[in-house]
Structures are given as structure tokens and as C-alpha cells.
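The following exercises examine how the parts of one protein chain meet. Each task is followed by a solution in steps.

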Amino acid sequence: MSRVYNFSAGPSMLPEPVLQKAAAEMLDYQGSGQSVMEMSHRSKVYDGIIKGAEAALRQVMNIPDNYKVLFLQGGASSQFAAVPMNLMTKSHKADYVLSGQFSTKAFQEGSRYGDCKAVASSKEDNFSHIPAIDPAECRPDADYFHICLNNTIYGTTWHTLPDTGDVPLVADISSCILSRPIDVTKFGLLYAGAQKNVAPAGLTIVIVREDLTGEPQEGTPTMFNYGVMAKNESMYNTPPCWPIYICKLVLEWIRDEIGGLEAMEERNVKKAQELYDFLDGSKLFKPCAQKDSRSIMNVTFVTGDPDLDAKFVKESTEAGFVNLKGHRSVGGMRASIYNAMPPEGVHKLVEFMKEFEKNNG
Ligand SMILES: *Cc1c(COP(=O)(O)O)cnc(C)c1O
């Protein structure tokens, strides 16, 4: 069997030990005589899985008791609507920072439910950095302040969180969840689609401070109502059973094999550093994200020549480094090096890039 190094932005690689465990348990989950895919979500055995996943997430992310963990469906994109429906209930105002395509979509969707204001944007620089925030633009009576913590398409990340005072900070953490420790207490709400760093597509995780799960806007669908979902422990209807099971295995891998999020961060920083160090010294490849905003999860780069970019993508694919083509809005290349990308995958990619530079420089 030969597995490729998959640099896809999502869905993306899963840790090999997790895939092996899932394979071993596929036909008969722990003596139940059935696959996790087949069992009732109301069964005792599945209850152990979903409770175990939540407990592991709370432990690994150090989530305080006054936060609810919700296992939902609909992707991060559904949260672009669910967040305003549930949180925009007092002043009906919310402030957004536009740092890329997903935060812009969140802003546009939020604007359908109330008075959303874009308080800062780096659009004029093609989102190559996190914009500076002028506090005078921010509204102290906003119901929340929204950021996208890691900008998957552009390869940028917030290295310092904005100070929003009493306004709850809400963050889309789809492409950086579990990549490093996060101080959950600094946020009112965190949300993430699971398919980048946690599980297969189909699971969406919401971590929300209890006091923000009150009465939502009128007309909010029951399935979007955080209070209802929290009260029913994510079991108002059938949850995404299989992705929740894989999520549990991934968390156990981070906790027991990697050694927790500090160790995960150290591993991720080293991986990213090797790639950025090469890019900084290269005469052929140029990194796209500005230095002070660089992401350790998504690394964007170009040669400056679209034909040469295409040649690189073609040849790297043939060599077993797949999905390196950049998003169309940036062009060039993007290496998504999430938790499950082993360090030797990045190392071998850098070796391949050196060789390509020698032959094409
Ligand atoms: C992938 C991604 C999304 C979209 O997620 P879906 O689960 O496909 O809706 C939103 N935000 C960020 C930061 C992402 O990386």
C-alpha cells in the first residue's frame, strides 16, 4: 500500500493510527457486533462514544464548565447564520473583521439578520495579512465581534487576539482547531467544520458560553437553536455519528500519542518553520502571506509565473505530493499542513521543491 502526502485544504489527511483503529473496529465495534455507522444513536454503546468525544475535547482544549460543546451538522457555513440568529438579540449589531473569503461570507450572511459592520479589512492587499483594527470603529454595544482565526485560503492567522472588552469574541476556527492551545475563556463562541483537523466532513463543532445560549431571534429554525441543541446534548435529532466517533479517536491520538496541544503546537511550528525557512531563502518560490500574519496550518506561495506554477503542481502530484494547487483567488500553491501531516511529509516536500528549483531556476 502506498499513501500520498495530501496537502488538501479540506477534507484533509487524518492521522494514520486513527484510520487503522477505525479499520480494525469497522465490522465489530468493541464486541457490539456492529459498525459505529450502523448503531442506534440512542444506544448505550453510542452514548459512550459521544460522551467520550465531548469529554476528550473538554480535556484536550481545557474547556471550562460554563461552556457548552455542541456536535452539529451543516458545516462552518451554517454557523455564519446560526451565530447571528442566536447572538444578535440585544442591540442587533455585530462587528466583523474581513480577513479573507470565509470571514467575508460570514459578514454577508450575518448582514441578513441584523446590523453588521465591517470594522477592518485587508481586502485591498488581497488578504495577505491580518488587518489592524481602529478601536474607534468598534461598537461597544455590539452583540458580538467576529473574526476568522486562521484564513485557510490566504495562509494567514491572528497571532494576537483583538481586545473587544465586554463584547463577546466569536471565532471561526475551522482550519486551526486543535493545532495549538487556545484560551477558550477569551471567547464567547468558537466554531469549526471538522474536515480540516478533526474528523471527516459532516461534523461541526460549536463551543459556546452558556449565557449566550438564551432565546434566539424569532423564526430561528429549531436545528439552529443553540439552547435546544445544548439541552438535548446534541441529540435533538440524529447527530453525525461516524464523524463524532472519528473525532474521539483523533482527540485520543492528540492526547495519548502526541501529548496534548502544547506538543501538537511544537510539532506544527517546526513543520511550518522548515517550509517558511526554505521559501524565505528560495530564489524561485515566494511566500504570499506577510511575515507577521503567517499561518502554521496553510502555507501559500507562488513562483510568479503561472506556467511554472502549473508545472510544479503537475510534477509534485506525480511525485506523490497531492492537492498543492492554490485557491483560485490567490493562485500559485498552497500546502495545508494540518495536524495529521507527518513532519517527514513536509521535509520531503521541501526536498522536492529544492530539486525543482535547481531544475527550473
Ligand atoms: C473550510 C472553511 C469554512 C467552510 O467550512 P464548511 O464546513 O465547508 O462550511 C469556513 N471557514 C473556514 C475558516 C474554513 O477553513
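**Exercise 1. State how the chain is divided and how the parts are placed.**

Solution. The model is predicted. The chain falls into domain 1, made of 5–12 + 260–360, and domain 2, covering 16–257. The C-alpha centres of domain 1 and domain 2 are 26 Å apart. Contact between them involves 31 residues from domain 1 and 28 residues from domain 2.

**Exercise 2. Determine how much area domain 1 and domain 2 bury between them, and which residues of domain 1 lose the most.**

Solution. The size of an interface is often expressed as the accessible area lost when the parts come together. Here domain 1 and domain 2 bury about 2,300 Å² between them. Carbon and sulfur atoms carry 53% of that area. On the side of domain 1, the residues losing the most area to domain 2 are Leu 261, Ser 293 and Asn 339, together 24% of what that side buries.

**Exercise 3. Identify the polar links across the interface and the elements of domain 1 that touch domain 2.**

Solution. Begin with the salt bridges: one is found across the interface of domain 1 and domain 2. Next, count the polar contacts: there are 18 residue pairs across this interface. Then consider the elements that give two or more residues to the domain 1 side, namely helix H7 (261–281) and strand S12 (298–302). H7 supplies the largest share, eight residues. Finally, sort that side by class: 13 residues are nonpolar, 12 are polar and six are charged.

**Exercise 4. Give the distance between the closest N and O atoms in the salt bridge of Arg 180.**

Solution. The partner of Arg 180 is Glu 265. Their closest N and O atoms lie 3.0 Å apart, and the cut-off for a salt bridge is 4 Å.

Note on methods
Residues numbered from 1 in each chain as written. Predicted model: local features only at pLDDT ≥ 70, side-chain atom pairs only at ≥ 80, totals over all residues. Heavy atoms only, no water. Domains from an automatic or database assignment. Contact = heavy atoms within 4.5 Å. Buried area = accessible area lost by both parts, 1.4 Å probe. Salt bridge = Lys/Arg side-chain N within 4 Å of Asp/Glu carboxyl O. Polar contact = N/O pair within 3.5 Å; in protein donor to acceptor, adjacent residues only side chain to side chain. Helix = DSSP H or I, 4+ residues; strand = E, 2+ residues; numbered from the N terminus. Nonpolar A, V, L, I, M, F, W, Y, C, P; charged D, E, K, R; others polar.
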